[in-house]
Amino acid sequence: MSIPQTIYFNDYTPSDYGIDSCQLEFIIENSSTRVDNVMEVIRQNPHATHIQLNGEMQDLELLWVNDVLCDESMYTLTDDSLTIALDMEVARIRVITRIYPDENTALEGLYRSGGIWCTQNEPEGFRRITYFLDRPDVMTRFTTKIIASAKECPVILGNGNLAGTATLENGKHVAIWEDPIPKPAYLFALVAGDLGSIHDVFVTMSGKKVALAIYCDKGNENKCHHAMRSLKKSMTWDEEVYGREYDLDIYNIVAVDSFNMGAMENKGLNIFNSHYVLADEQTATDMDFMGIESVIAHEYFHNWTGNRITCRNWFELTLKEGLTVFRDQCFSADMNSQLIQRLDDVRSLRERQYVEDAGPTAHPIKPDHYIEINNFYTATVYEKGAEVIRMLHTLLGEEGFRRATDLYFENFDGQAVGTEEFLWAMQQESPIDLTQFERWYSQERTPTLRIKSHYDSTAQTLTLTIAQVIPKNTHNLEQLPYAMPFGLGLIKANGEEFELKSSNARIIRKGVVWIEDQLNELVFENITEVSKLSLNRHFSAPVRIECDEIDHSFLMAHDSDGFVRYEAAQQFAIKALQSMIQGNEPDDAYVTAYGKILEDTTIDRMYKAQLLELPTISMMMQFQEIIDVDSSHKVLETLKRTIAHRFSSSIVQEVQSLYEPTNSSIDAVSMGKRALKNRLMSLWMSLGDEVCASLCKRYYDESTSMTDRLAMLDLLENYAPHLAKPAFENFYARHSDNTLVMNKYFALLASSRREGTLQRVIALQEDKAFDEKVPNLVRALIGSFARNLVAFHDLSGSGYDFVADKIIEVDGFNPQIASGLAGAFKSYEKLSPLQKGNMGSALERIKNHPGLSNNVNEIVSKVLNY
């Protein structure tokens, strides 16, 4: 096994050569694909004498430099590069290679999935297609000619605009695609196959007509319409909010089952995991519909924030991903509910990124080194990166942020840049120097704000002391205080709020102060009574809050800020659950406050479902020095039963009033009713009530909504397994030929908290609907089990051993998916001695496996060395 090489940000230098244009010809055959690549090369470093092209997993057949055929003495070929002497200002390099898409199980580069040839080139897949300068700062104009069987591949697609087609001899045909806009190789795309499609037209704000198409497996065309509507809404929103118009004549989307990522923003030819395209009301959940709308938007928004302006190197990944996540979050909020979207954003951040930030793989949103860049497509780079952008948006305001992004687009269109260029544009509109704010890009871990207040009744002032507690980084080095916006409110006993006035606090907008010191003492005047503290409103900064003065019950009932009200409910519940782990009874004050929310008929149903959400075991673990999954699970179930007993009549009445078996609409009201009903059914089912169990089974049988059917299946599996078996058999009979729905089936069973889950998961691997070469299915069955904290952390250690075995197996053909599974072991340092010993043995076995990929080795090594 080769020694993994660490890549450092400080070692970055611009490319010695550029590639002005590239003409590619693909001849696609069943056994292999011939790639003819003609590059117009320009020397950028006058001292350069050799060009080193990236390339791997391909056969070099012929090579020319300026029409001179090269023999082996004129170049150096290794497993990952082709080096050619090139002491000239311009040159034409032509290289013919042969690649084998059917053998490409890593799904990077050009591969074949279910009869469809498609590509995935971000971050470094293009080097598996041909020899090239495969780095994001080399931007090239591509022309692509694709030749394939007209019978097997009636559809052949590439980047840019369609320049021409022709029918050839021997049953073949050809299409030529021209992309007039320079792009890095990671945005190159090709698709060929026998596909169905739907088509539409979008008229841009300047009156240009853009042909839209979504391609999929034949028979799934009717499941593409929600995605098409989402695309058109995205295009309109980007014009209205950012003034960004689409720049090509064609916009194509292709849905494929075998895809390592969620989707890819290739210029003019987005390739999507089918999970984020295909949906109808019989096979997709409410969350599926919302997810499709969000991801369609995300990939479209990349056209400007990622494609036209791309990142200089992969350390700058958050430049495009953090900004684009922020944009898609804002889009989803505008299309649906601002509050619910914000709660979803924060929940995702805390469940994934906060855990990452606290563990062995913590890194800044702009990391300074990596071994395998695929391991840095993380919640930190994406979600925390989006929160950093959101803080800038809060500071600049809507109009100021728009002016700053306009400046960014005007100055850097067509370039590969870094976060410094983006922050320069922000600084032009910022009322505050952003030098200290830049620490959010270079420091890791989640800061804590430790807050105390003092009320002076004589002076009628409230002094708020905010201390920044900055954790050391993964190298045990001290880090510096941050600058951030901080939303807060001071609430009177009657629920009204004081207007914030201060002689020493920097109030950047109503209810938002700017914090930058290690210790901040903010004095607010004209405070006529002791007030309740409402902190980090709208989740204004990605921090933890420590404050002993928070009145959770009061905020749950009275706070006008929807996030703080939700946060109060969550923190009150966590406090009650922690007390229960210590042997105490459920906190009556919390149960009473919960009941008031439950019985309040004035609250929006979707929001009410959020307020009634109990903390997950994962969230509880974040507050435990030594993880105790078993106790956390037990007290969570006890608290559910306590609430259900106390408010059983209200729960039963509400459930029955909300049940609409024939309603599968995805409007806000319908989704809100389902969300609240299913939340309450979960409470009721915890009682082990046979009447409720029978009702749950009936709801499964009668409902036309996939959201309801899955919710009822989950409850039956965990609380009434005797009724779950026939329900699952029915579900399998209905959907066994639909891979997307079977993902849900496998995920539900792998997430079961009942005894014997591991044995059932092992058996499910033999199911005819399961294929370990399909990433979605691996994530659904093996990934769901690895996230099933009750089963994975079983004291026997069998869960650790099983996942370790699967990581080793999957790593042999798809390292990217294997390294994703390895993330389950990040809790290693916080386990009990028994569990740590079991997990450590599994980790050592992975690390010592011959031929382990860099992807998995990097994750496992960080966990073991933490």
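Trainee: Is R760 buried, exposed or partly exposed?
Mentor: R760 is partly exposed, because its relative accessible area is 25%. Keep in mind that this is a predicted model.

Trainee: Which residue does R760 meet in a salt bridge?
Mentor: E717. The N to O distance between the two side chains is 3.7 Å.

Trainee: Which residues are joined into a network by salt bridges that share partners?
Mentor: R312, E316, K366, E420 and E421 form one network.

Trainee: How many salt bridges does a search of the whole structure find?
Mentor: The search finds 66.

Trainee: What is the accessibility of R646?
Mentor: R646 has a relative accessible area of 40%, so it is partly exposed. D588 is partly exposed too, with 46%.

Trainee: Is K697 buried or exposed?
Mentor: K697 counts as buried, because its relative accessibility is 18%. D701 is partly exposed, with 38%.

Trainee: Switching to surface charge. Which residues gather in a patch of negative charge?
Mentor: D433, E438, E516 and D517 do, on the surface.

Trainee: Where is D433?
Mentor: D433 lies in a loop between α6 (419-427) and α7 (439-442). D433 counts as exposed, because its relative accessibility is 52%.

Trainee: Cysteines next. How many disulfides are there?
Mentor: The count is zero. Take C153, which is in no disulfide. The nearest cysteine sulfur belongs to C118 and is 11 Å away.

Trainee: Is C153 buried or exposed?
Mentor: C153 counts as buried, because its relative accessibility is 1%. C330 is buried as well, with a relative accessible area of 18%.

Trainee: Backbone now. Which residues does a cis peptide bond join?
Mentor: E122 and P123, with omega about 5°. P123 lies in the loop between β11 (116-120) and β12 (141-149).

Trainee: What is the phi of Q460?
Mentor: Phi of Q460 is positive, about 55°, although Q460 is not a glycine. The residue is in the loop between β25 (448-456) and β26 (461-469). Q460 is partly exposed, because its relative accessible area is 31%.

Trainee: And the phi of N476?
Mentor: Phi of N476 is near 65°, again a positive value in a residue other than glycine. N476 sits in the loop between β26 and β27 (484-491). N476 counts as exposed, because its relative accessibility is 51%.

Trainee: Last topic, M839. Where is it?
Mentor: M839 is in helix α25, residues 833-847. M839 counts as buried, because its relative accessibility is 0%.

Trainee: What separates M839 from H793?
Mentor: Their C-alpha atoms are 9.0 Å apart, and the two residues are 46 apart along the chain.

Trainee: What about N814 and H633?
Mentor: The C-alpha atoms of N814 and H633 are separated by 34 Å. Along the chain, N814 and H633 are 181 residues apart. N814 is in the loop between α23 (798-811) and α24 (815-822). N814 counts as buried, because its relative accessibility is 2%.

Technical notes
Residues are numbered from 1 along each chain as its sequence is written. This is a predicted model: local features need pLDDT of at least 70, side-chain atom pairs count only at pLDDT 80 or more; totals for chains, interfaces and linings use all residues. Side-chain values use heavy atoms; hydrogens and water are left out. Patches are made of residues with over 30% relative accessible area and no salt bridge: like charges are joined within 9 Å, nonpolar side chains (Val, Leu, Ile, Met, Phe, Trp, Tyr) within 5 Å. Accessible areas come from the Shrake-Rupley method with a 1.4 Å probe; for residues, only the protein chains shown count as cover. A salt bridge is a side-chain nitrogen of Lys or Arg within 4 Å of a carboxyl oxygen of Asp or Glu. Lys and Arg count as positive and Asp and Glu as negative; His and the chain ends are not counted. The place of a charge is taken as NZ of Lys, CZ of Arg, CG of Asp or CD of Glu. Helices (H or I, at least four residues) and strands (E, at least two) are DSSP runs, numbered from the N terminus. Buried means under 20% relative accessible area, exposed over 50%, partly exposed in between (1.4 Å probe, protein chains only). A disulfide is a pair of cysteine sulfur atoms within 2.5 Å.
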